[in-house]
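Hi,

Here is the structure I promised to pass on. Please load it first, then read my notes below.

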Amino acid sequence: MSDALVEGLLGWVAHPYGDSLKNALDTGWGARGIGRRAFLKGAGLAGMAAVIPARVTGAQETVPNASGTERPTLKAPPLACDCHQHIFDPVRFPFPRPGTESDATVADYRLLQRRLGTTRNVIATPKEYVNDNRVTLDAIAQFAPNARGLASVDPSITDAELESLKKGGMNGVRFLLLGGDAAGTINKIQTLASRVNEMGWHIDFGISADQIIATEDLLMKFPAVIAIDHMARIPEPAGVNHPAYAIVRRLIDKGRTWVKLSLAGGDSKVGPPAYTDVVKLAQAYVQAAPERVVWGTNWPHPNEATKPDDAMIFDLLSEYAPDEATRHRILVENPAVLYGFAKS
Ligand SMILES: [Zn+2]
């Protein structure tokens with residue numbers, strides 16, 4: 001009996017309830033699962049249904065705000081970190097202004113962790129909460145000591161307020177520049193960036209490729225470590241040939257900029273399951289600076305037209321970084337450096 005078969009059977013024994021095989025297939029398990037698992041290769045569906053009456057994993061591994069139900073093929077190493085996700089909990093923490101996002105709670109995210117095998121996470125306060133970071137601080141406390149946060153703040157925030165965010169597990173400040181005045185904001189946060197830098201934090205930017213081009217000079221002399229979300233939102237199919245990529249490479253080479261390999265579907269023209277265009281871009285970042293990249297899901301995928309299969313996105317890592325030691329760096333060692341997690 002193969003290891004995969006044993007694992008599959010143990011999975012069923014561990015979850016002795018759930019939907020029928022047909023339901024599991026209808027909910028998308030089939031699309032992802034059939035053909036991927038060694039134990040399925042030798043077993044016809046009829047035979048499988050006869051041996052095990054209810055395929056349960058499908059029902060068990062459904063995660064709110066994500067599609068697919070199968071686990072990744074790639075096994076997450078211990079302490080693997082999802083470096084970009086959000087928690088929305090409007091029941092306990094109402095949005096300060098009307099928001100459209102629905103629940104994406106700590107309990108929901110734990111289901112995703114169970115599916116992916118990741119155990120650390122970095123939570124960015126969503127824009128719906130403006131500068132109210134309580135939902136993120138509450139989540140960090142629930143995940144402690146395995147979570148860090150990116151706060152949303154006004155540049156006039158006091159040192160005492162920054163210190164209290166730090167005590168709560170925040171590790172940086174995020175500015176979502178997309179659709180806004182990037183140069184204006186970057187100019188406005190120069191002093192804050194210096195203060196944040198002295199605290200050992202960094203500034204995280206949600207920034208577009210065009211905004212990177214427009215603010216190159218400001219970014220080059222920015223007085224804090226920078227983390228750029230979502231592979232710098234480089235448009236496809238231009239990818240590494242886009243002028244913004246060259247700028248990000250120069251920023252990386254200066255030694256103070258990190259790139260998040262997140263939002264695989266955001267700019268991919270190819271899309272799932274191969275994401276070939278984005279894979280090439282991610283490979284380029286990894287080859288250029290394996291010590292400056294981290295990975296993230298962007299769960300619960302706000303503003304993504306269709307909720308992707310996070311297990312599929314996780315599996316892309318085997319193409320971003322075919323070498324296991326490099327993947328370990330991306331999932332474990334780099335996040336420990338950037339977000340201040342314990343080394344082990
Ligand atoms: Zn996001």
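**Contacts of Ile226**

Start at Ile226. Beyond its neighbours within four places in sequence, Ile226 is in contact with His202, Ile203, Phe205, Leu219, Leu251, Arg256 and Thr257. One caution before going on: this is a predicted model.

Ile226 also belongs to the largest nonpolar core, which has 84 residues. Ile226, Ala232, Val248, Val259 and Leu261 have the most contacts inside that core. As background, nonpolar side chains tend to be buried together in soluble globular proteins.

**Overall make-up**

The protein has 344 residues, and 45% of them are buried. It contains 18 helices and eight strands. Take the contacts between residues at least 6 apart in sequence: 77% of these join residues at least 24 apart.

In general, the strands of a sheet pair through backbone hydrogen bonds.

Is E1 enclosed or open to the outside? Five of the five residues of E1 are buried, so E1 is largely enclosed by the rest of the structure. Three bridges join E1 to strand E2, residues 120-124, and the two run parallel. Cys81 has Arg120 in E2 as its bridge partner. Between E1 and E2 the chain passes through helix H7, residues 106-116. This β-α-β crossover is right-handed.

Further along the sheet, strand E4 covers residues 170-176 and strand E5 covers residues 202-206. Five bridges join E4 to E5, and they run parallel. Gly172 has His202 as its bridge partner in E5.

**Backbone points to check**

Some backbone angles deserve a look. Most peptide bonds are trans, and most residues other than glycine have a negative phi. The cases below depart from that.

Which peptide bonds are cis? One runs from Ala144 to Pro145, with omega near 0°. Pro145 sits in the loop between helix H8 (134-143) and strand E3 (147-151). Another joins Trp299 and Pro300, where omega is about 5°. Pro300 lies in the loop between strand E8 (293-295) and helix H16 (310-315).

Asn298 is in that loop too, between E8 and H16. Its phi is near 65°, a positive value in a residue other than glycine. Is Asn298 buried or exposed? Asn298 counts as buried, because 25 C-beta neighbours lie inside 10 Å, and the cut-off for buried is 20 or more.

Leu79 has a positive phi as well, about 70°, although it is not a glycine. Its place is the loop between helix H6 (57-60) and strand E1 (81-85). Leu79 has 19 C-beta neighbours inside 10 Å, so it counts as partly exposed.

That is the handover. Over to you.

Best wishes

Definitions and conventions: Residues numbered from 1 in each chain as written. Predicted model: local features only at pLDDT ≥ 70, side-chain atom pairs only at ≥ 80, totals over all residues. Helix = DSSP H or I, 4+ residues; strand = E, 2+ residues; numbered from the N terminus. Buried ≥ 20, exposed ≤ 12 C-beta atoms within 10 Å, placed from the backbone. Contact = placed C-beta atoms within 7 Å. Core = buried A, V, L, I, M, F, W, Y, C linked by C-beta atoms within 7 Å. Pairing = 2+ DSSP bridges. Right-handed = clockwise from strand over helix to strand, strands pointing away.
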